[in-house]
Amino acid sequence: MNILVCVKQVADTEARILLTSDKKSIEIENKYNMNFFDEFAVEEAIRTKGKVKDCQISVCTYGSNKATEVLRTAIAMGADKAYLLDNNGYDIEDPIITAKILASFAKTEGFDLIFCGRQAIDDENANIGAMMAEFLNIPHVSAILKFDVVDEKKARVESEIEGGKEIQEVQLPALFTTQKGINEPRVPLITGVMKAMKAQINIIDPATLKDLSKGMIDESASKISVLTYETPSARPTVKIIDGETPEQKVKALIDILKDEAKAL
Amino acid sequence: MDFKLTEEQEFFRKTIIDTIDKIVVPKSQEIDEKDEFPWETWKEFTSLGYLGLRYPEEIGGMNADKIMSMIFYEEIARGSVGFAQSVIMNILMGTYFIYRFGNDAIKERCLLPAMRGEKIATMCFTEDQSGSDLGATRTTAVKDGDGWRINGTKMWITNGPICNFCTVLATTDPSKGLKGLNFFLVEKGTPGFSSGQIIHKLGCRGTVTGELVFDDVWVPDENFLGDELGKGVYYVGDILDEVRLMTGAMALGIAKGAYKEALEFSKKRIAFGQPIGNYQLIREKIADIDTSMNAARLMINYGAWLLENGMDCRVTAAEAKMYATEVCLKVVDELTRIYGANAFAYEYIPQRYFRDARFLLYGGGTHEVLKDFIGRMIIGKI
């Protein structure tokens with residue numbers, strides 16, 4: 001069984017993020033991690049490998065050379081092969097292009113099972129997995145919380161629905177996106193870390209992939225353009241209500257609500 | 001001149017940060033409060049294989065270079081310096097002489113289980129009247145048949161009360177001073193070998209530190225760890241630079257943890273209507289912390305680079321240890337000022353960093369001894 005895991009490198013939640021002066025892009029401190037939900041995807045692939053015969057896990061990302069770090073992390077955890085789909089410096093903001101590239105890579109290599117995180121924690125789009133499955137014309141289930149291979153052709157998955165859970169049987173090949181709670185991602189062993197440090201990362205120019213050309217994936221192909229980024233508006237300062245007794249404080253509060261906030 | 005970490009080193013740095021964040025950091029406050037050896041955390045962490053950090057891959061190690069080792073020491077100390085002490089004792093001092101001089105049976109019995117975390121190692125230098133002054137060592141080893149009979153008491157032994165084996169420094173000829181010093185392996189269960197008083201420390205809690213007693217302990221000749229008699233002090237020299245750089249890296253680890261707390265607090269603490277990080281006096285503190293920590297890290301990395309390339313780093317290692325530790329003390333002090341009164345409460349983290357930092361003044365040589373050494377090396381014989 002060939003498993004593909006798609007991962008994304010995202011800014012660390014503690015990284016400093018600054019808006020450029022034109023507000024059209026952001027500058028991120030050099031602190032990156034594997035996307036939170038993608039860790040579950042890698043872990044599920046490794047656990048599946050432990051249950052089926054002749055299984056190989058490939059991991060891929062679409063990004064810059066810097067993104068090889070997340071590929072190495074996946075190898076340290078237990079993935080076998082890593083592919084960087086090099087964005088050649090273009091930071092395309094259009095998810096459909098990313099999905100096209102990943103799908104084209106999956107088609108070129110041929111996989112029985114594809115795992116993605118349910119969404120990236122930076123753009124929160126939550127649409128790459130679904131779009132990939134559509135381009136590949138394979139079934140997909142989002143945000144799964146349990147996964148089992150029934151046989152070479154079928155998998156059984158559980159996902160949360162309002163007030164309960166849904167259990168589905170899905171024909172393979174298929175794509176699943178992973179939700180928090182499906183597993184506990186492992187901490188790599190030092191042997192995995194050493195393997196990852198030496199691992200060869202296969203670098204692919206997406207324009208060379210099946211059914212793709214440069215014009216289909218560069219900036220000119222994007223139908224979305226960022227007009228501006230805005231920071232959240234600052235929270236108003238907290239006003240402490242003065243008063244020696246609770247009664248005085250309540251009275252002061254009512255006065256403020258009436259006179260200043262005009263809420264009463 | 002290239003200051004950039006290699007891709008491998010950078011990946012290792014990131015991985016060890018994540019690992020410490022997941023396994024050690026969540027336990028750090030509990031380790032400090034309980035002041036008991038954290039067996040569960042030990043088992044979880046050592047199962048990952050990091051205790052073989054500096055040993056060859058052929059025997060299950062990682063063969064990490066010295067820069068990577070310093071990254072490791074810094075990060076594990078950032079997590080919990082008490083826990084770090086126990087881990088680093090197994091990685092470096094507690095197994096160094098076993099790896100270098102132990103025969104195959106000893107390596108099989110002691111080194112390999114210590115690399116897997118199944119056995120706890122330590123090294124015994126200090127006595128009640130000798131620390132940096134190794135020439136004052138009073139523990140003796142006297143030839144007795146096909147072995148050696150050891151008598152003496154060692155103090156301030158990290159992992160001592162829970163160790164499975166120790167490398168003990170003893171004099172085989174007190175009349176020769178430093179040239180009479182040698183190392184011996186003593187394993188738990190050997191008649192006459194016992195642990196004495198446990199030391200209750202101000203900081204670095206969670207690691208068990210105490211006294212080891214050698215009362216007519218007999219060990220076979222194979223437990224003599226060396227090429228020839230009287231060279232023990234030279235072997236100490238071989239490991240001392242690495243120990244000093246390691247101590248400096250640990251200091252940097254505590255400072256890094258404290259710096260993060262200070263930075264976060266200065267952004268979120270509101271005083272007079274705005275975050276205190278907007279005030280110049282707080283910004284000055286942050287600027288000083290950042291500058292001095294960067295300088296300390298450069299010194300440690302330079303020392304590690306010298307060591308990795310087989311170059312003399314005696315002065316650099318001593319300077320780096322001393323400077324990084326002084327920087328650490330300054331950073332934890334500034335944290336307690338930025339944090340205000342809560343820094344004085346056990347419920348908050350700053351007091352732990354403040355207490356932990358003090359230990360590094362003594363490990364790897366007091367600064368009074370180091371300054372004398374550095375000055376002597378620079379001025380030379382007059």
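In chain A of this predicted model, 68% of the contacts between residues at least 6 apart in sequence join residues at least 24 apart. The chain contains seven helices and 13 strands. Of its 264 residues, 38% are classed as buried. The C-alpha trace of chain A extends over about 75 × 45 × 40 Å along its principal axes. The radius of gyration of chain A is 23 Å, whereas a compact globule of 264 residues would have a value near 18 Å.

Two domains are assigned in chain A: domain 1 covers residues 2-221, and domain 2 covers residues 234-264. The centres of domain 1 and domain 2 of chain A, taken over C-alpha atoms, are separated by 51 Å.

A:F135 belongs to helix α4 of chain A, which comprises residues 128-136. There are 17 other C-beta atoms within 10 Å of A:F135. Since a residue is buried at 20 or more such atoms and exposed at 12 or fewer, A:F135 is classed as partly exposed. When neighbours within four places in sequence are left aside, A:F135 is in contact with A:A99, A:K100 and A:A103. Between A:F135 and A:V7, which are 128 residues apart along the chain, the C-alpha separation is 18 Å.

Chain B comprises 12 helices and 10 strands. Its radius of gyration is 21 Å, close to the 21 Å that the globule rule gives for 382 residues, and chain B is therefore as compact as a globular protein of that length. Along the principal axes, the C-alpha atoms of chain B fill a box of roughly 80 × 55 × 40 Å. Buried residues account for 49% of the 382 residues in this chain. Of the contacts in chain B between residues at least 6 apart in sequence, 73% link residues at least 24 apart.

A helix pair in chain B was considered in detail. Two packed helices are described by the angle between their axes and the distance between the axes. Helix α4 of chain B (residues 66-79) packs against helix α5 of chain B (residues 81-91) at an angle of about 140°, and their axes are 6 Å apart. Angles over 145 degrees count as roughly antiparallel, and 65 to 115 as roughly perpendicular; α4(B) and α5(B) are therefore oblique to each other. On the side of α4(B), the contact is made by B:Y73, B:I76, B:A77 and B:G79. The residues contributed by α5(B) are B:V81, B:F83, B:A84, B:V87 and B:I88. By class, the residues of this contact of α4(B) with α5(B) divide into eight nonpolar, one polar and no charged.

The two chains also meet at an interface. In this interface, 14 residues of chain A are in contact with 14 residues of chain B. On the side of chain A that touches chain B, the elements giving two or more residues are α2 (68-77) and α5 (190-198) of chain A. The largest share of that side, six residues, is provided by α5(A). In terms of residue class, the side of chain A that touches chain B consists of nine nonpolar, three polar and two charged residues.

Terms used:
Residues are numbered from 1 along each chain as its sequence is written. Chains are lettered from A and ligands numbered from 1 in the order in which they are written. This is a predicted model: local features need pLDDT of at least 70, side-chain atom pairs count only at pLDDT 80 or more; totals for chains, interfaces and linings use all residues. Helices (H or I, at least four residues) and strands (E, at least two) are DSSP runs, numbered from the N terminus. The radius of gyration is taken over C-alpha atoms; the globule rule is 2.2 Å times the number of residues to the power 0.38. Two residues are in contact if their C-beta atoms, placed from the backbone, lie within 7 Å. Ala, Val, Leu, Ile, Met, Phe, Trp, Tyr, Cys and Pro count as nonpolar, Asp, Glu, Lys and Arg as charged, and the others, Gly among them, as polar. Domain bounds come from an automatic or database domain assignment. Axes are lines fitted to C-alpha atoms, for helices over the stretch in contact, and angles run from 0 to 180 degrees between N-to-C directions. Angles under 35 degrees count as roughly parallel, over 145 as roughly antiparallel, 65 to 115 as roughly perpendicular and the rest as oblique.
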